[in-house]
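Have the viewer open as you read.

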Amino acid sequence: MHGRDNFFDRGGHKNLDSFCLEKKHRKFKEGTRLSKRPRYFRKIVMSSLVSSVAAAAIAGGAFAASPSNSSSGGNPPAHSNAGGKKAPSVEAHVKPIIKIGQRLFKDLNANGKLDPYEDWRLSTEKRVADLLPRMSMEEKAGIMQITSLSTTNINDYINNRHIRYLIIRDNPTASELATRANQYQEIAEKTPLGIPLVFTSNPRNHINEQNEFGISEASGQFSTWPGTLGLSATRDLDLIRDFAEIAQDEWRSAGIQKDYGYQIETATEPRWRRISGTFGEDPAWNAKIAKELVLGFQGEELSSQSVAQTVKHFPGDGAVVKGLDPHNEPGQYATYPTPGSLYKYQLPPFQAAIDAGVSSVMSYYNVPKNEGSAEQLPRELWQSETQQFEEVAGAYNKTILTDLLRERMGFKGYVNSDSGVLTNRDWGVHNLTIEEKFAKAIDAGTNIFSDNNDPSGLISAVNKGLIKEKDLNPSVSQLLTEMFNLGLFEDPYTDPTEAQKIASSETSQARADEAHLKSITLLRNNQGMLPLTDEKVAHTKLYIEVFSGNNSAPRTEALKKQIVKEDPTVTIVNTLSEANAALVWLRPSPFEFPDNSTVDIKLGTNTGIDVAKVKQIEAAVPTTLVINMTNPWVIDEVEPASAAVVATYSVKSEALLDVLRGRFNPTGKLPITIPANQEAVEKNASDVPGYAEKFDYTYTNAAGDDYSFGFGLSYK
């Protein structure tokens with residue numbers, strides 16, 4: 001909100017041309033800050049002391065080189081290979097440094113000589129080919145597991161179980177993340193082969209209604225953006241690309257090299273609880289976003305600046321039956337009742353990510369169900385003349401992972417299972433032993449197993465002859481390839497101070513604030529209630545209430561305090577009888593019935609909304625109705641009586657206030673289609689977007705406007 005007055009014209013509206021000019025100026029001042037730029041920091045390891053250490057290392061001594069005992073003297077000239085573009089940053093905290101001419105290398109196995117896998121001048125393919133036979137079968141099995149980080153078990157995970165992929169699920173500051181990552185990378189560097197760690201996280205850059213396991217466990221420590229539906233609602237691919245590049249810089253600086261994101265799947269079932277993590281219901285638009293995310297986080301190819309992407313959940317979790325959660329057994333099935341819907345609606349975003357070079361793909365939990373599904377796959381991919389799908393979960397489904405993803409769609413990366421597929425989410429393979437599950441999943445095309453910290457089942461599968469050690473090599477090769485390409489064998493360390501500086505950048509947050517503003521969607525203003533100009537505010541006594549289940553009262557008070565702080569000219573009253581206008585912000589949550597029959601998205605008690613109270617307010621005074629659209633809610637009871645309607649997607653309240661007051665002319669567009677009523681929800685085809693339904697699915701307001709994908713108004 002700083003410097004806001006610079007962007008307002010005399011009428012009180014934010015001047016969009018000025019905003020664009022300011023954006024360009026900011027990018028110019030930042031150099032390549034919002035595009036691909038060199039890292040802000042480089043490691044200081046080249047010094048005369050390092051030279052002495054290197055000489056001793058070559059002679060067989062085990063010495064460590066680190067920034068703490070080196071200086072900047074003796075750097076090679078910029079035109080040399082060591083000091084130029086081809087020389088990576090090399091930093092060792094435990095193992096020796098080998099110096100050959102002006103070039104530095106880590107002696108990862110501390111044998112006093114430069115082995116091919118330690119030589120960054122060689123191709124990744126050659127380095128992997130050298131390292132792979134040096135690994136024991138147990139080390140290979142360990143690297144094929146990715147598990148939630150445990151600070152109490154970290155030594156056991158790294159040294160005994162040989163795990164190298166770790167998922168961060170807590171919410172430290174950037175500095176704390178970097179400090180901890182460095183400590184754990186040192187443990188990995190001490191191991192015989194010095195194979196580094198890859199730290200992974202679910203998205204961390206968005207406002208969340210509630211942090212939820214496997215979706216987004218962290219928020220508020222990096223630049224804070226609207227929810228993913230909000231990014232989609234901006235209809236601004238440049239802004240989305242900038243988001244990805246800013247987040248990439250923040251994550252990599254804090255020691256996170258892999259993202260469990262994003263949910264690029266198409267939202268086709270309105271009751272699905274994970275729509276809030278998607279970019280909406282249009283496969284073509286989602287495909288464009290997927291491309292920008294991959295290129296923004298990874299770059300044209302993986303490098304020491306990249307954050308590897310794991311797009312999810314292939315082939316698209318949106319077609320869940322009645323919105324039931326596939327984490328739970330009653331929601332395990334995916335059905336495709338509309339002929340050709342898989343290729344038409346579900347696969348395009350994944351194809352775009354593959355074409356952009358995405359590093360990995362996460363498979364869905366779901367079991368594709370034959371009963372209730374129309375023809376989707378080419379006949380040559382059917383299991384038999386009468387059976388289209390093998391009814392096993394995605395991680396075990398060879399037709400989906402090998403025949404479709406790899407052979408038909410051309411995916412070259414690795415497949416990351418979703419969490420718990422070996423234990424309590426083993427849909428379709430429950431009767432198999434742990435060894436049989438590992439063998440079947442690897443044969444299907446799964447390369448790494450999520451949230452599994454016990455590789456003993458895979459080791460046992462090899463020992464029992466269910467799978468051969470050589471069958472592990474393709475998976476291990478792909479994982480090592482990612483590590484090498486990310487530059488982790490040369491330098492897995494980061495600077496905590498610099499990480500915090502990057503995470504706290506005001507420039508990055510300013511760009512994020514632009515996304516908040518541009519996401520907000522004006523749906524109806526036929527009574528001219530908005531914007532609340534200074535002239536209107538002077539005569540307005542505003543009643544404010546937030547509806548959000550048990551959080552309604554504290555959120556109401558927080559919004560009042562925020563408005564008083566940001567805009568003290570607004571007169572807020574505490575009772576409806578004092579008011580001549582109202583602002584109501586609905587923040588519902590989907591409700592899955594205890595009997596697992598369906599999910600409720602109709603505004604009411606189940607979803608946290610006191611509909612009777614909302615209607616009472618609307619009947620008393622002209623009301624601006626704001627609805628947080630984490631799902632396409634059934635709004636037919638509360639929408640008609642409001643004076644104006646606005647959609648948000650988990651945005652900052654300051655941004656909403658700017659739009660309501662006319663300081664920013666709304667430009668957001670709906671990323672989802674709002675159903676006409678509950679009957680429309682129950683009648684919908686789970687595999688088809690709302691805009692493509694074959695019946696009168698869409699809600700139409702009193703002004704005759706359909707609340708369909710892409711709709712949104714601006715102030716005149």
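## Helix H19

In this predicted model, helix H19 covers residues 552-566, which is 15 residues.

Which residues of H19 are buried? They are Ser 552, Thr 556, Leu 559, Lys 560, Gln 562, Ile 563 and Glu 566. Looking down the axis of H19, you'd find these buried residues within an arc of 165 degrees, so they line one face of the helix. An α-helix has 3.6 residues a turn, so residues three or four places apart point the same way. On the face turned away from the buried side sit the exposed residues Ala 553, Lys 561 and Lys 565.

## What covers it

The cover over the buried residues of H19 includes strands S14 (541-547), S15 (571-573) and S16 (581-586), along with helix H21 (653-660).

Strands S14, S15 and S16 belong to an open sheet of six strands with mixed pairing, in the order S13-S20-S19-S16-S14-S15. S13 (521-524) and S15 stand at the edges with a single partner strand each, so one side of each has no neighbour in the sheet. From one strand to the next, the twist averages 30 degrees.

Inside the sheet, S19 (623-628) and S20 (644-648) run parallel, joined by five bridges. Leu 625, for instance, has Val 645 in S20 as its bridge partner.

## The whole chain

Zooming out, the chain has 22 helices and 20 strands. Of its 716 residues, 62% are buried. The chain exposes about 26,600 Å², with carbon and sulfur atoms supplying 49% of that.

Technical notes:
Residues numbered from 1 in each chain as written. Predicted model: local features only at pLDDT ≥ 70, side-chain atom pairs only at ≥ 80, totals over all residues. Heavy atoms only, no water. Helix = DSSP H or I, 4+ residues; strand = E, 2+ residues; numbered from the N terminus. Expected span 1.5 Å × (residues − 1). Buried < 20%, exposed > 50% of the residue type's maximum accessible area, 1.4 Å probe, protein only. Arc of directions from axis to C-beta. Contact = heavy atoms within 4.5 Å. Areas by Shrake-Rupley, 256 points an atom, 1.4 Å probe, with all protein chains shown as cover. Pairing = 2+ DSSP bridges. Axes fitted to C-alpha atoms, helices over the stretch in contact; angles between N-to-C directions.
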